[in-house]
Amino acid sequence: MQLTTTELGVRPFSKERYFGGHGACPGCGAVSMLRQVMQAVGPKAYYFILASCAGSYFPGEFTVCDSSIVFTVYAAGFAQAEGMSQALELRGRTGETVVAYSGDGGAFDIGLGGLSGIAERNANVLVIVNDNQGYQNTGGQQSGGTPRGIITKSTQPFHQVSPAARNRKDLLEILAAHRVPYLATASAALPRDLDQKVKKALTYRGFKLIHLVTACVNWGFESRLAIRVARLAVETGFHPLYEIEGGRRYRITHEPAFAPLEEFTGLQRRFQGVDLALLGRDVAERWEDLRYKAAREWPAPEPSSLG
């Protein structure tokens, strides 16, 4: 007797975009995020994967998703995604989505020029930034997304770093200066917020980017705690959730509980020796700036009303 896939308990490929069998580290926080993103994007998508941990998420020996995957390099990945988008448009295939998937090394550092280029040209590409705050695929070196002073294989002790250098690059502010259609931050720990932002991003024609801080076991926490760590990054205010439309209209999408920062840092070995008072001040200053921008009148007043 032959059993149906339902009787065998096999999930139908038409409903699941990303299946089991990936090669990511046990407890990798990015896997849950990627599954949620692929569900929200849908089946007709092309993913350009810049060099990163994501190379292990899609092992070549067998299929773990129902989308087309293109592995590429830091310097060319964003431009390649733009080229695919233009090719699809020329062929009239407007119902298909092009996604560029990058780590923080590709977006904050090595590929930043290419990212700025497609933002300036308003390429019709959805960029997903999997920010695990370091070059984790090669053992955990500092990137432009690493909070300054925390423990990696290439960082200085926190007290030896000047205050001006303690903050990492603010990628969304860099891209907001390009006046692109849509930018947002999100977290795998808040799936509804993430799903809504991916779907909203896809309503825009042009450049859109979603920046996600994902917990990495190289941070020094128990592998079972990845989603809890990601949740605490949000609820302590360390990773604000907001969106920017047109480079100017800011909206906070989740008001955190502002739990003590120690609840987040205490679960991770990488924060040993960090001055939490200074780190907390950095978080508070960022929130003050974000609230100011979110409270601004939009659209902006007419020039005649400014006196």
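In helix α3, the residues G77, F78, A81, E82, S85 and L88 are buried, where buried means under 20% relative accessible area, exposed means over 50%, and partly exposed lies in between (1.4 Å probe, protein chains only). These residues cover an arc of only 130 degrees around the axis, which puts them on the same side of α3; the arc is that of the directions from the helix axis to the C-beta atoms. On the other side of α3, A75 and L90 are exposed. Helices here (H or I, at least four residues) and strands (E, at least two) are DSSP runs, numbered from the N terminus.

The model is a predicted one, in which local features need pLDDT of at least 70 and side-chain atom pairs count only at pLDDT 80 or more, while totals for chains, interfaces and linings use all residues. Residues are numbered from 1 along each chain as its sequence is written, and side-chain values use heavy atoms, with hydrogens and water left out.

The fold contains 10 helices and 8 strands, and 50% of its 307 residues count as buried. Contact means heavy atoms within 4.5 Å. Among contacts between residues at least 6 apart in sequence, 70% join residues at least 24 apart.

What covers the buried side of α3? The elements over its buried residues include the strands β1 (45-50), β2 (68-72), β3 (97-103) and β4 (126-131), together with the helices α4 (104-110) and α5. The length of α3 can be checked as well: at 1.5 Å a residue, its 17 residues should span 24 Å, and the end C-alpha atoms are 26 Å apart, which agrees. The expected span is 1.5 Å times one less than the number of residues. After α3 comes G92, which has a positive phi near 75 degrees.

The pairing of α3 with α5 can be looked at in detail. Two packed helices are described by the angle between their axes and the distance between the axes. For α3 (residues 74-90) and α5 (residues 112-120), the axes come within 7 Å and cross at roughly 30 degrees. Axes are lines fitted to C-alpha atoms, for helices over the stretch in contact, and angles run from 0 to 180 degrees between N-to-C directions. The two helices are therefore roughly parallel to each other; this label is given to angles under 35 degrees, with over 145 counted as roughly antiparallel, 65 to 115 as roughly perpendicular and the rest as oblique. On the α3 side, F78, A79 and E82 meet G114, L115 and I118 of α5. By class, this contact has 4 nonpolar, 1 polar and 1 charged residues. Ala, Val, Leu, Ile, Met, Phe, Trp, Tyr, Cys and Pro count as nonpolar, Asp, Glu, Lys and Arg as charged, and the others, Gly among them, as polar.

One residue of α3 leads on to the next part of the chain. S85 lies in α3 and counts as buried at 9% relative accessibility. Apart from residues up to four places away in sequence, S85 touches V98, N124 and V125. V125 itself sits in the loop between α5 and β4, and at 0% relative accessibility V125 counts as buried. Beyond four places in sequence, the contacts of V125 are A81, E82, S85, V98, A100, G206, F207 and K208. V125 and V99 are 26 residues apart in sequence, yet their C-alpha atoms are 5.8 Å apart in space.

Helix α7 (residues 191-201) can be described in a similar way. Its residues D193, L194, K197, V198 and A201 are buried. They cover an arc of only 130 degrees around the axis, which puts them on the same side of α7. Their cover includes α2 (29-41), β4, β5, β6 (208-213) and β7 (242-245).

Some loop residues complete the picture. R179, in the loop between α6 (171-176) and β5 (182-186), has a positive phi near 55 degrees although R179 is not a glycine. At 44% relative accessibility, R179 is partly exposed. F258 also has a positive phi, about 55 degrees, and is not a glycine; F258 is found in the loop between β8 (249-252) and α9 (261-265) and is partly exposed at 38%. E255 belongs to the loop between β8 and α9 and, at 46% relative accessibility, counts as partly exposed. The C-alpha atoms of E255 and Y242, residues 13 apart along the chain, are separated by 9.5 Å.
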